[in-house]
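Dear colleague,

Please find the structure below.

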Amino acid sequence: MIKNDTEKLTLKSSENVGEETSTKIITTKDTVFQSKNFDLWYGDHHALKDINLDIKENEVTAIIGPSGCGKSTYIKALNRMVELVPIVKTNGEISYRGRNIFEGNYEVEELRTKVGMVFQKPNPFPKSIYDNIAYGPRIHGIKNKRVLDEIVEKSLRGAAIWDEVKDRLNQNAYGLSGGQQQRICIARCLAIEPDVILMDEPTSALDPISTLKVEELVQEIKHKYSIIIVTHNMQQAARISDKTAFFLNGEVVEFDHTDKIFSTPTDQRTEDYISGRFG
Amino acid sequence: MGVRGRYEHDIEDVQNELIKLCKLSISQLDLTFKSFINKDLKLAREIINKDTEINHLEELINDRVILIMTRQQPVAKDLRRLVVLLKAASDMERVGDYAVNIAKETIRIGDSQFITSVELIEDMFLKTSAMLNQVVEAFVEENTTKAKEVADFDDQIDEMYGSMITQLMKLSSVRPENISQITNLAFICRFIERCADLATNIAEYLFYLKKGQRFDLNN
């Protein structure tokens with residue numbers, strides 16, 4: 001199970017049996033989000049403490065941790081949704097593609113065009129399936145019906161739901177099952193061609209089959225997008241992510257390849273959490 | 001009881017079953033030593049019959065590990081422990097099989113006199129039994145220092161095996177009429193040497209359990 005960056009040891013002398021080897025994350029991929037000494041407070045409550053994380057492109061990064069550990073706050077900081085809470089204060093830096101998103105002249109609309117989000121509960125608009133997907137492109141000024149048709153089809157195909165809905169594009173999206181609605185939300189997100197997709201517990205309201213479909217979809221689309229997923233389901237993090245960050249009490253306890261986190265975590269707190277000893 | 005008390009209890013239970021299997025296999029090996037030295041053919045037959053108990057115990061461990069994996073989705077050290085329990089059970093069951101093989105060779109030798117000194121074989125028996133006992137102790141205590149010592153013992157067994165085989169080869173040219181017993185003794189040496197290798201395997205599993213990395217203790 002241990003691969004990539006750690007070497008298999010063949011020991012020849014008794015002295016070094018059992019010595020620890022350090023694991024370094026070595027990758028040539030570009031960094032999408034870089035957090036440097038990032039702190040966040042809700043009023044007096046210090047919710048994120050000195051976060052330093054590099055999130056790479058075309059990877060699935062899972063964020064795990066017990067309730068109240070700051071994982072949802074963290075991904076909501078990545079598209080500045082946390083600013084909707086009036087008492088929020090931040091310190092330090094989060095850069096998206098090299099630019100600090102909290103910089104005074106950074107337009108939040110510009111950021112959210114590049115950083116889409118899928119929420120815990122499917123939240124399609126009370127409109128037709130077609131209009132749900134075409135909503136974003138229309139806001140961005142696309143009026144041409146043929147172009148919109150293409151975007152709708154491409155997005156629905158990208159979200160692996162085209163075959164299920166192609167004959168009823170004009171029906172209300174509310175008539176779909178929860179799992180289908182969530183994939184419609186993913187398609188709606190893909191329609192604006194984001195660079196990054198944030199997913200906040202995207203399958204916690206879904207049945208097991210729909211969950212597996214969304215997981216499969218995440219694997220398929222990661223080659224085009226960078227995905228950051230917050231999940232309570234540790235098996236899900238183990239199944240679909242390339243890297244995992246374990247948050248506890250607002251801090252990143254451990255961030256490493258998922259293989260490493262789930263086989264030989266370095267920190268005892270990570271081991272205790274992933275093996276269900278607390279949380 | 002902690003959050004996963006039942007789960008921890010189940011893993012501990014399987015580990016206890018493994019210890020039981022280890023003790024049974026080692027006791028079988030010790031009895032084959034007695035049977036070999038004393039030419040006790042009745043005891044040899046008893047050893048052969050008792051092997052089914054070991055086989056059943058290994059199957060039980062396999063089934064219980066698979067059930068825990070299915071129901072509890074273990075990760076990290078818990079998962080490594082279960083994998084190690086499976087592998088160690090398989091190796092210790094093999095020790096039981098080798099005890100049976102030695103008992104069969106003992107029966108083949110029958111009550112005829114040994115044609116050569118078997119002191120080295122006695123030594124191999126005793127050392128291998130000590131290795132197996134120590135590796136079980138190391139496993140229970142999760143003591144890697146003890147486990148490493150077991151691997152060091154294995155080199156001595158290999159040397160003794162080499163010497164004994166050389167001795168038997170020489171004898172085969174001098175006393176070709178006794179080739180049958182020479183072959184029986186050579187096989188017994190081979191089976192003991194394999195038991196020592198299996199003890200080393202279990203020592204390696206302990207390192208894997210504790211560190212999550214594979215160590216070749218035979219080099």
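Two strands are said to pair if DSSP finds at least two bridges between them. Helices (H or I, at least four residues) and strands (E, at least two) are DSSP runs, numbered from the N terminus.

This is a predicted model: local features need pLDDT of at least 70 and side-chain atom pairs count only at pLDDT 80 or more, while totals for chains, interfaces and linings use all residues. Residues are numbered from 1 along each chain as its sequence is written, and chains are lettered from A and ligands numbered from 1 in the order in which they are written.

The six-stranded sheet of chain A

In chain A, six strands form an open sheet with mixed pairing, in the order β6-β7-β8-β3-β9-β10. Its edges are β6 (115-118) and β10 (251-257) of chain A; each has a single partner strand, so one side of each is left without a neighbour in the sheet. From one strand to the next the twist averages 15°. (Axes are lines fitted to C-alpha atoms, for helices over the stretch in contact, and angles run from 0 to 180 degrees between N-to-C directions.)

Strand β3(A), residues 60-64, pairs in the parallel sense with β8(A), residues 226-230, over four bridges. Here Thr61(A) stands opposite Ile228(A), and Ala62(A) opposite Ile229(A). β3(A) also pairs in the parallel sense with β9(A), residues 243-248, again over four bridges; there Ile63(A) faces Ala245(A).

How many residues of β3(A) are buried? Five of its five are, where buried means that 20 or more other C-beta atoms lie within 10 Å of the residue's own, exposed that 12 or fewer do, and partly exposed in between, with C-beta atoms placed from the backbone. In a regular strand the side chains alternate between the two faces of the sheet. In β3(A), Val60(A), Ala62(A) and Ile64(A) are buried on one side, and Thr61(A) and Ile63(A) on the other.

A second open sheet in chain A has four strands in the order β2-β1-β4-β5, with antiparallel pairing. Its edge strands, β2 (45-56) and β5 (99-100) of chain A, each pair on one side only. β1(A), residues 31-42, and β4(A), residues 88-96, are antiparallel over eight bridges, and Gln34(A) has Ser95(A) in β4(A) as its bridge partner.

Helix α1(A), residues 71-78, is mostly covered, with eight of its eight residues buried. Among them are Lys71(A), Tyr74(A), Lys76(A) and Leu78(A). α1(A) lies across β1, β2 and β4 of chain A and runs at about 60° to β2(A). Just after α1(A), Arg80(A) has a positive phi of about 60°.

Nonpolar cores

A nonpolar core is a set of buried Ala, Val, Leu, Ile, Met, Phe, Trp, Tyr and Cys residues joined through C-beta atoms within 7 Å. The largest has 70 residues, and Ile63(A), Ala187(A), Leu198(A) and Ile228(A) have the most contacts inside it. Helix α6(A), residues 178-191, gives this core its largest share, seven residues. Apart from it lies another core, of 63 residues, including Ala44(B), Ile54(B), Leu85(B) and Ala147(B).

Two residues are in contact if their C-beta atoms, placed from the backbone, lie within 7 Å. Leaving aside residues up to four places away in sequence, Ile228(A) touches Ile55(A), Thr61(A), Ile63(A), Ile75(A), Leu78(A), Val196(A) and Leu198(A).

Chain B

Chain B has six helices and zero strands. Its C-alpha trace spans about 70 × 35 × 20 Å along the principal axes. Of its 219 residues, 40% count as buried. Among contacts in chain B with a separation of 6 or more, 80% are between residues 24 or more positions apart.

Helix α1(B), residues 5-38, has 34 residues and reaches 49 Å from its first C-alpha to its last, close to the 50 Å expected (1.5 Å times one less than the number of residues). Lys39(B) follows α1(B) with a positive phi, near 50°.

The unreviewed UniProt entry annotates residues 19-105 and 121-205 of chain B as "domain: PhoU"; UniProt positions are given in the numbering used here, feature names are shortened, and annotations may be inferred rather than shown by experiment. Residues 19-105 of chain B are 94% helix and 0% strand, with end C-alpha atoms 27 Å apart. For residues 121-205 of chain B the values are 93% helix, 0% strand and 27 Å.

Regards
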